[in-house]
Every structure is written in structure tokens, then in C-alpha cells.
Amino acid sequence: MNEYITLKLTNTYTNDELYSAINILESSGIEVNIDTSAIELNFDSVNMKMLEKKQTNPIIEKTVQELYKIKTFVSANGRVVFKNYNKDVKVKNKKENNKKRLGFESFKKDYPTINNILNEEYVNKIISGDSLELLKKFPDNCIDVIITSPPYNFGIDYHNSIDTSLWTSYFDKLFLIFNECIRIIKSGGRIIVNIQPMFSDYIPSHHIISNYFIQSGMLWKGEIIWEKNNYNCKYCTWGSWKSPSSPYLKYSWEFIEVFCKNILKKEGNKANIDIDGEEFKKWVYAKWAIAPERKMKKYNHDAMFPEELVRRLVKLFSYKNDIILDPFNGVGTTTKIAYELGRKYIGIDISDEYCKTAIRRIEEIGNQL
Ligand SMILES: C[S@@+](CC[C@H](N)C(=O)[O-])C[C@H]1O[C@@H](n2cnc3c(N)ncnc32)[C@H](O)[C@@H]1O
């Protein structure tokens, strides 16, 4: 974790200069304490662009000069993160410690490493049916990447499936499908799951699902916070208003959990990489602010994820020509984006209606190409 840095400036400034500087410093991310002799600045990351524009104020000018004396690196979200290298906690014997902990190998299970070719009849197809039944027909180790968002058990009105079950039955069925996903994903392949926990039931589905994958011996590659900037509960839902007895925590984000089979590294042909430097720098910073999908009415599906979310996952975690599967494909956001980005796609959904829409969305791109 980055620790806070403190800088002290001698206070030789007028009150007017001080008042206008405080606002600017605070909005750039710096906490300010002032007494008659000194101005104390506490910060870890700072909006330098903003400070640089306000250097007509001598305190800001001095602050900018002092900040540039500190070694810096620029974080992906455009703010300059300052790191006090001298104060870094140095962990000794890193290699030996890693050996003792065994790292991600601790939970790893050795799955077969030979990858198989999937029969062409399933490739570039949208298939209507129950994933549990359909995936059993796929051979082991034949899919490069799964990107999916399972039904959340929220009671959403899907065309052809019940979305309110006892939580234990819900997870039992989901894990049977995920067992198949683990079996059919290639060695070195990835399973990427978008999860919105049911906060109001106090069921942390993202932890339960992650724990299932880890206990199954898959390697946890990481977690992306999908910041939607919209609250999933009413403004007036507070739990115990102004009382610590049971405040209700509000969330405006969902989770994306990424798991790998056997190894974290996915081999591929360099010519099939299509992510550029700017995208890579931005997207490995694992908090993505993306607005929720706005076309749900148009496609008549209440739980779509946005195209931009899938676009980033596809480019960051797969190569062109990879086979991408979504076993809960809905109206086909995953399959549309996979096709658009030159990947092979397979989408399965239990609703015939949704599958027809998914096919239409791909045909629409086909017409534009
Ligand atoms: C959260 S939605 C996915 C929406 C999708 N990401 C999109 O953007 O359109 C979950 C989907 O799972 C489907 N579903 C539920 N049970 C299924 C099963 N056993 N097999 C296949 N699909 C299923 C539902 O019909 C629903 O469309």
C-alpha cells in the first residue's frame, strides 16, 4: 500500500493566498494543515494537471516545485502517485518467504494439460438450451476463455428460467454448470465471471463463487471492480437511520472474478494481440468505471452487461481467433463483442427468444463488415 507523504512549507503567505490555495490543494487530493509558521501537506496521489494550471498562487507554485523533487510514477487514472522510496518497507528474504507460502500453488489442482479441438458444429454458434446438458457434449480442454454473468437469483423475469430459488439450490445448480466450465476450459484458459452479490439478502455471492473456484483448484488471477456509479437501492434505504444498530451499506459496483486453469500465463501468437499500450495501461488498473447497459429495453432483457465491459475483458484476456464461450449468454453481448473483435464465439442460453436476439445482433455486425 502507498503510504502518505508529508511535506512542510514555511508559512510566509497572506491570508488571501492561503484561503485560495487550500481549496485548490484539497481538490487536487492534498490534505492541508496550517499554523502560523508552517503549511503541512499530506498526500499520496495528486492531480498534478490541476495544480500546474493554478500556479499563479505562490503556494501552489511552491507546492508543484516541491512535489517534482519527489520520485514519482504516474498511475493509470491520470493522477500522479507519489511514493516515498526512502520509507518503503523492505521485506527481506522475499524468495524464501514465497517458497514457504507456496503462493498460488497452495490451492492448485493439476488438471489435464493436453488441449483438444472442439467440433466445428459448436463454433460460431448461438445455442438454445440448458448449459448443464449442452456443455457435457464438449470435450475436455477445448475453450480458451469463458466470459459470463450468471443469473443472480434476484427474481429477474427471464423468459425461460426461474430466478428465485433457495440460495443453496441456486449455488448447487450453478456449480454443476461451473464444474463443466472448468472441465472444458483449456489448460492456460480463463474463466471470467461477473457477479452482483445480493446485498439485501446479505449473501456475498462473489465470495461464495470465488471460494468455489479456488477450492476446485483454479488459480485466482484477480478481481475487477466494475464501478457503475448507480446505487442498487433507493436513496432512502438506510437500514437503521442515524444508529449503529444496523446501518445498510450501499454499493454502486459489481465484481468481475478471473480464474485460470493450471497456469496464469496464456500462450498465444503475438500477431493475434490487439490491445494497445494505452488500453493496457488503463485497464490493468482494476477499477473500471462503465455505465450500465442502456439498451436493455431495446433487447428486452433486464440483466445485460455493457458492451464496453466485455470489450475490455476480451482484449485484455484473449488473443484473436481464441474461442470465447458464454454459457449464460442472454441476448448475446459476449458473443457480439467476441465476433466483432475477431474471436470465435459460442453462446448458450436457456431462452430461445434471447438466442434469436443474440443471433440478430451478430447478423447486424455482419452486415456492417
Ligand atoms: C444475467 S443474464 C446474462 C445476460 C447477458 N450477459 C447479456 O448481456 O445479455 C443470465 C442469463 O442466464 C440464462 N440462464 C439461466 N439458466 C440457464 C441455464 N441453465 N442454461 C443456460 N442459460 C441459462 C437466462 O436466460 C439469462 O439470460
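**Figure 1. Helix α7 and the glycine after it.** Helix α7 (residues 205–215) is followed by G217, a residue whose phi is positive, near 90°. A quick word before going on: this is a predicted model, where local features need pLDDT of at least 70 and side-chain atom pairs count only at pLDDT 80 or more, while totals for chains, interfaces and linings use all residues. Residue numbers start from 1 along each chain, as its sequence is written. Helices (DSSP runs of H or I, at least four residues) and strands (runs of E, at least two) are numbered from the N terminus. Which residues of α7 are buried? They are S205, I209, S210 and F213. These four sit on the same side of α7, because they cover an arc of only 125° around the axis, the arc being that of the directions from the helix axis to the C-beta atoms. An α-helix has 3.6 residues a turn, so residues three or four places apart point the same way. Turned away from that buried side is a face with the exposed residues N211 and Q215. "Buried" here means 20 or more other C-beta atoms within 10 Å of a residue's own, "exposed" means 12 or fewer, and "partly exposed" is in between, with C-beta atoms placed from the backbone.

**Figure 2. What α7 packs against.** The buried residues of α7 pack against β9, β10 (219–227) and β11; for such contacts, the C-beta atoms of two residues, placed from the backbone, lie within 7 Å. Look at β9 (residues 185–195) and you'll find it mostly covered, with nine of its 11 residues buried.

**Figure 3. Strand β9 and its partners.** On one side of the bookkeeping, β9 and β8 (residues 143–148) run parallel and are joined by five bridges. Two strands count as paired if DSSP finds at least two bridges between them. Here I143 stands opposite I185, and T148 has V193 as its bridge partner. β9 also runs antiparallel to β11 (residues 253–260), with six bridges joining them. In that pairing, N194 stands opposite I256.

**Figure 4. Strand β8, under cover.** How many of the residues of β8 are buried? Six of its six.

**Figure 5. The largest nonpolar core.** Nonpolar side chains tend to be buried together in soluble globular proteins. This core has 49 residues, and those that touch the most other members are I146, I147, C181, I191, I192 and I324. Its largest share, six residues, comes from helix α6 (residues 167–184). Zoom in on C181 and you'll see it touching L135, I146, I191 and P327, leaving out residues up to four places away in sequence. Another core, of 14 residues, lies apart from the largest one and includes L25, L41, V46 and I60. A nonpolar core, by the way, is a set of buried Ala, Val, Leu, Ile, Met, Phe, Trp, Tyr and Cys residues joined through C-beta atoms within 7 Å.

**Figure 6. T14, out in a loop.** Where does T14 lie? You'll find T14 in the loop between β1 (5–10) and α1 (15–27). T14 is exposed because it has 10 other C-beta atoms within 10 Å. I59 is 45 residues from T14 along the chain, and their C-alpha atoms are separated by 10.0 Å.

**Figure 7. Around the ligand.** The ligand is surrounded by 21 residues, of which the closest are S131, M304, F328, G330 and T333. To join this shell, a residue needs its C-beta atom, placed from the backbone, within 6 Å of the molecule. Elements giving two or more residues to the shell are α5 (131–135) and β14 (344–349). By class, the shell has 11 nonpolar, eight polar and two charged residues. Ala, Val, Leu, Ile, Met, Phe, Trp, Tyr, Cys and Pro count as nonpolar, Asp, Glu, Lys and Arg as charged, and the others, Gly among them, as polar.
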